[in-house]
Structure formats: structure tokens, C-alpha cells
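Work through the exercises below with the sequence and the model open. Try each task before reading its solution.

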Amino acid sequence: HADLAMFDAKTAGRNRLRFFAQPLEVSAQEQLKLGAALRTAVAQHELKLVYQPVVCLRTGQVHKCEALIRWHHPERGLVSPAQFIPLAESTGAIRDIGDWVFHEVTRQLQLWQARFGPDFQVSLNVSPLQLAPGAQDVGDWVRALRTAGVAGKSMVVEITESLMVQPEAGIAARLHALREAGVQLAIDDFGTGYSNLNNLSQMDLSFLKVDQSFTRRLGQPGRDHALVEAIVGMARSLGLQVIAEGVETKEQEAVLRELGCDYGQGYLYARPMPAPELERYIARQRAARPDLA
Ligand code: C2E
Ligand code: MG
Ligand code: MG
Ligand code: MG
């Protein structure tokens, strides 16, 4: 990838670098600038959350959504989290950003719990670094939930498999503290890492999110069908509910339903959207199917 970017920079000029705007491929100077801007992004109110519905494949109900961060850089416009989260992790800004995400979701849940009922859940992505020793006092989060009157079970924390590979005692303790407060845990992007079944089964997870790279190949002939089937079977045996990421076609949805996958999330249903839009989306959905509300 990096070689490709250099090749392109030489042959097509600097502007082509924009196509490869991954953190490591942006020049060191650009990185520094972006990193500095990121440090003030929270204070400058440049961060926003958008929410993507998670749809029950059996009933079509929407009782869940995932919070996804967006950064509106004053000059660059929208910067993708795939770009700035790794940067935030390397500069340490992830701590403030992650804390902001948590409080923003808590605030939103305060409103949505009453509006959409006690079963409504919002998930948020938590970087492994936020749970590293000395980073986040999970006790603060638990207290914040209590102060806001938000039930722990209405929040889902999504963590990636990398946390599972070398489970560190401090991280396990923090996740346990969240579980004690009722917060549910999901393993994100499943299938892209190297977690083993033993670690997975010790985590007290509620959800497993099948990475979109698997979903993408469903509805086409080949082995991937069997792969997702195996993942669903494994999740079942661990007592986890399965969410398929990146559902874009009716064919994929049909296969997922047939394989016994519980939930789907993807452009087939909706793109991530600002909170007021999500409220309208759910209101419309419930008006159309009052039996499911
Ligand atoms: P993720 O947690 O796996 O989130 C799913 C990503 O897939 C999102 O990208 C979402 O917009 C995208 N997506 C949803 N449906 C579809 C679909 O049908 N097709 C395709 N091609 N993509 C779909 P997004 O919002 O750009 O976020 C990228 C990643 O950045 C996230 O992956 C997550 O790892 C990270 N991220 C996002 N928000 C946060 C945050 O608040 N904190 C942390 N630590 N990481 C975050
Ligand atoms: Mg996620
Ligand atoms: Mg994911
Ligand atoms: Mg992902």
C-alpha cells in the first residue's frame, strides 16, 4: 500500500496522495498537523456522532443502533474515522475522544430510553488503548451512567478481536466492571483477527459482529457461505447473538436469515445518520409496523 502511494506520488503528482490518505501514508508533516488539530477537535466541537440502525432479521424491528464518530475538520471537511482513529491512538488523543463518545452516547440514551423503550440499545466503539492501564477509569463511566439514570444494559461496548489475543489482566478487569454495571459487550469485525475460542468464551460477550468482508461475499457461490455458517454456529454455542455488518443486498440478507444470523446492519437498511434523522427513521418504521414497536 505504502509503495503504491509512493509510486502514485511520483507518477501522478502530489494530489494523487489523497487517494491513499491512510495515516501512515500521509507525510510526516501532514500527520503532525492533523494530530495537532485532532487534539483540539473535542474542545472545538468538531466531532459528531452518527447512528446506524441494526435490524432484527426475523422481525424487521429496529431496537439497536451503532454510534459512529465523524470529524468535521474546518479546512479538510469530513475526515474518516479509519484515518483519524489510528492517529488519535498514536497521539493519545483517543482518551479524550473516547470519553467524549461515551458521554455523548450516554446523553443520547437518556433521551432514547424514554422515547424508544427500555429495550433500545446503542453501541459504541471502544479502542483497546482506552482500556489499557492508566487510560480510562471505568468507574467514572459507571458513575456517569448512574447519574444520568441510564440502564447499563442499554449500552453495548464494541471491542475488536485484538483485545482478545493477549488478554491483559487490567483490561479484563475493566471489561468486567462494565459488565457488572449491566453494559453488554460485542466483539467487532469478527473473523479479521486471531482470537481463540477459549478467550472468547471467557469474555462474557453478548454479541458477535461478523466482519463485512464475509457478508460481502454472501449470495455468491463459494466457501464463504460455509464460513459464515460456521461463525454463526460457534456464536450459538457460546450463547452469543450474531450481527452481520455491511449488509448491502437482499441476497445477502436472505442467506444471513437462512443461516440463523440474528441482526443485520448495512446500507441495505440505512447509512449512518445524525440523531434527529435516526429518530424519524424509527418513528416511520414503527408507524408502518405498529405491531412491532
Ligand atoms: P466498525 O465499528 O466496524 O463500523 C462499521 C463501519 O462500516 C462504519 O464505517 C460504517 O459506516 C460502515 N458500514 C456500515 N454499513 C455498511 C455497508 O453496508 N457497506 C459498507 N461498505 N460499509 C458499511 P465508519 O463509520 O467509517 O467507521 C470505520 C471504523 O472506525 C469503525 O468500524 C470503527 O472501527 C472506527 N470507529 C468509528 N467510530 C468510532 C468511535 O467512536 N471510536 C472508536 N474507537 N472507533 C470508531
Ligand atoms: Mg463497530
Ligand atoms: Mg465492525
Ligand atoms: Mg470495521
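## Exercise 1: The metal pair

In this predicted model, the magnesium ion (ligand 3) and the magnesium ion (ligand 2) lie 4.0 Å apart, and both are coordinated by aspartate 188.

Task: Find which residues coordinate the magnesium ion (ligand 3), and state where aspartate 188 and glutamate 245 lie in the chain.

Solution.
1. The donors to the magnesium ion (ligand 3) are Asp188 (OD), Asp189 (OD), Glu245 (OE) and Glu245 (OE), at 1.9 to 2.6 Å.
2. Written along the sequence, the spacing of these donor residues is D-D-x55-E.
3. Aspartate 188 belongs to strand E6 (residues 184–190), whereas glutamate 245 is in the loop between strand E8 (241–244) and helix H11 (250–258). The two are 57 residues apart, so this pair links distant parts of the chain.

## Exercise 2: Buried or exposed?

Task: Decide whether aspartate 188 and glutamate 245 are buried or exposed.

Solution.
1. The cut-off for buried is under 20% relative accessible area.
2. Aspartate 188 has 6%, so aspartate 188 is buried.
3. Glutamate 245 has 8%, so glutamate 245 is buried too.
4. For the protein chain as a whole, 49% of the 293 residues are buried.

## Exercise 3: Two aromatic pairs

Task: Classify the ring pair of tryptophan 71 and phenylalanine 84, then that of phenylalanine 102 and tryptophan 141.

Solution.
1. Rings pair if their centres lie within 6.5 Å; planes under 30 degrees apart count as stacked, and those over 60 as edge-to-face. By this rule there are seven aromatic pairs.
2. The ring centres of tryptophan 71 and phenylalanine 84 are 5.5 Å apart and the planes stand at 75°, so this pair is edge-to-face.
3. Tryptophan 71 is in strand E2 (residues 62–73) and phenylalanine 84 in helix H3 (residues 81–91), so the pair ties together parts 13 residues apart in sequence. Tryptophan 71 is buried, at 0% relative accessible area, and phenylalanine 84 is buried, also at 0%.
4. For phenylalanine 102 and tryptophan 141, the centres are 4.4 Å apart and the planes are at 0°, so the pair is stacked.
5. Phenylalanine 102 is in helix H4 (residues 94–116) and tryptophan 141 in helix H5 (residues 138–148), 39 residues apart. Both residues are buried.

## Exercise 4: Charges over rings

Task: Which ring lies under the charged end of arginine 217, and which under that of arginine 271?

Solution.
1. The charged end of arginine 217 is over the ring of phenylalanine 214, 5.7 Å from its centre.
2. The charged end of arginine 271 is over the ring of tyrosine 267, 3.7 Å from its centre.

Technical notes:
Residues are numbered from 1 along each chain as its sequence is written. Chains are lettered from A and ligands numbered from 1 in the order in which they are written. This is a predicted model: local features need pLDDT of at least 70, side-chain atom pairs count only at pLDDT 80 or more; totals for chains, interfaces and linings use all residues. Side-chain values use heavy atoms; hydrogens and water are left out. Donors are N, O and S atoms within 2.8 Å of the metal (3.2 Å for Na, K and Ca); water is not among the atoms, so sites may look incomplete. Helices (H or I, at least four residues) and strands (E, at least two) are DSSP runs, numbered from the N terminus. Buried means under 20% relative accessible area, exposed over 50%, partly exposed in between (1.4 Å probe, protein chains only). Rings of Phe, Tyr and Trp (its six-membered ring) pair if their centres lie within 6.5 Å; planes under 30 degrees apart count as stacked, over 60 as edge-to-face and the rest as tilted. A charge sits over a ring if NZ of Lys or CZ of Arg is within 6 Å of the ring centre and within 35 degrees of the ring normal.
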